[in-house]
Amino acid sequence: MATTTVLRLTLLLVLLSSVISELCNPQDKKALLQIKKDLNNPYLLASWNPDTDCCDWYTIDCDLKTHRIISLTIFDSTSRSNFSAQIPPSVGLLPYLETLEFHKLPNLTGPLQPAIAKLTNLKNLRISNTNLSGTIPSFLSQLTNLTFLDLSFNNLTGSIPGSLSNLPNLFSLQLDRNHLTGSIPSSFGSLKSLAGIDLSHNNLTGPIPPSFANLISTTSLDLSRNKLEGDASVIFGPNKSFQIVDLSRNNFSFNLSKVEFSSSLTSLDLNHNKVFGKLPQGLTALNLQFLNVSYNRLCGQIPVGGKLQSFDIYEYFHNKCLCGSPLPECT
């Protein structure tokens, strides 16, 4: 009898010890288990064992002081996930989340879940390489702490909501490789903190908004493979911070001769447009690592100097009358 009592007390102490030592907030743990259930208990979340501390679960991060869940990342590095589900509404039950990521989940379908709007502490939102569909919802503009928004490699349609310009801390915006249509919102020119913009591989139309002249802190801009047109020179200027600019495969038409470039520019891709004029002498002063102006309507001699002669002939060919090294000599 004494032995049995000792064993029971020992077991009780072990159970109490495990409960006391668990750091995870009970409400957060309950929400995570609901998320797992809503996702049909995929093998990806096998470590989410209800008998263990959720702060130790794979793809979960807890705050070191409060022990609230601040990061949730669900991804399949092999892209072989076999579960089929939508973004569960239960993600909105994690109020302290700062990072939410669903990545490389080809069977994740449906629209962006409105419950995401409850995550007012969210700084990083990445839902990419999925089969997410529908439009980009305006409720994302309520997440005013967002610094990083990545909705690339999905099946999103419709126009880009101008309300995204209400995100004052946005540092990086990636909406590439979707099926977005319409024009680029002119309000994006007010995003002073935006360092990187990628809207490539969509079906966007119209010109680059004149307000983009105000983007003096942006270092990377990719608008390639759309149906944009008009004068793109508004984005250039000696006072800009651009390092990488890709405007390739659009219908832009402007006189390159008059364009001044910032000294920080290292990569410029203008191929497959209707750019005319001459290559400006200012290009020779840049530390260019990449340049492609092929398939345009440029004319005149390629300026000698800088990195311009180090690029292949294919970066210059198929222009109206461009000549000089590395192309044939001018006659």
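**Disulfides in this model**

Start with the link of Cys-24 and Cys-54: it is right-handed, with 65° about the S-S bond. The pair links distant parts of the chain, 30 residues apart. Cys-24 sits in the loop between helix 1 (2–21) and helix 2 (26–38). Cys-54 sits in the loop between helix 2 and strand 1 (60–62). Helices (H or I, at least four residues) and strands (E, at least two) are DSSP runs, numbered from the N terminus. The S to S distance for Cys-24 and Cys-54 is 1.5 Å. Cys-24 and Cys-54 are each buried, meaning under 20% relative accessible area, where exposed is over 50% and partly exposed lies in between (1.4 Å probe, protein chains only).

A word on the source. This is a predicted model, where local features need pLDDT of at least 70, side-chain atom pairs count only at pLDDT 80 or more, and totals for chains, interfaces and linings use all residues. Residues are numbered from 1 along each chain as its sequence is written, and side-chain values use heavy atoms, with hydrogens and water left out.

How many disulfides does a search of the whole structure find? Four. The cut-off for a disulfide is a pair of cysteine sulfur atoms within 2.5 Å.

Next, Cys-55 and Cys-62. Their S to S distance is 2.1 Å. This link is left-handed, at -95°. Both cysteines, Cys-55 and Cys-62, are buried.

Now Cys-299 and Cys-321. Their sulfur atoms are 1.3 Å apart. The link is left-handed, with -95° about the S-S bond. Cys-299 lies in strand 21 (residues 297–301) and Cys-321 in strand 22 (residues 321–323), so the pair ties together parts 22 residues apart in sequence. Cys-299 is partly exposed, at 27% relative accessible area. Cys-321 is partly exposed too, at 30%.
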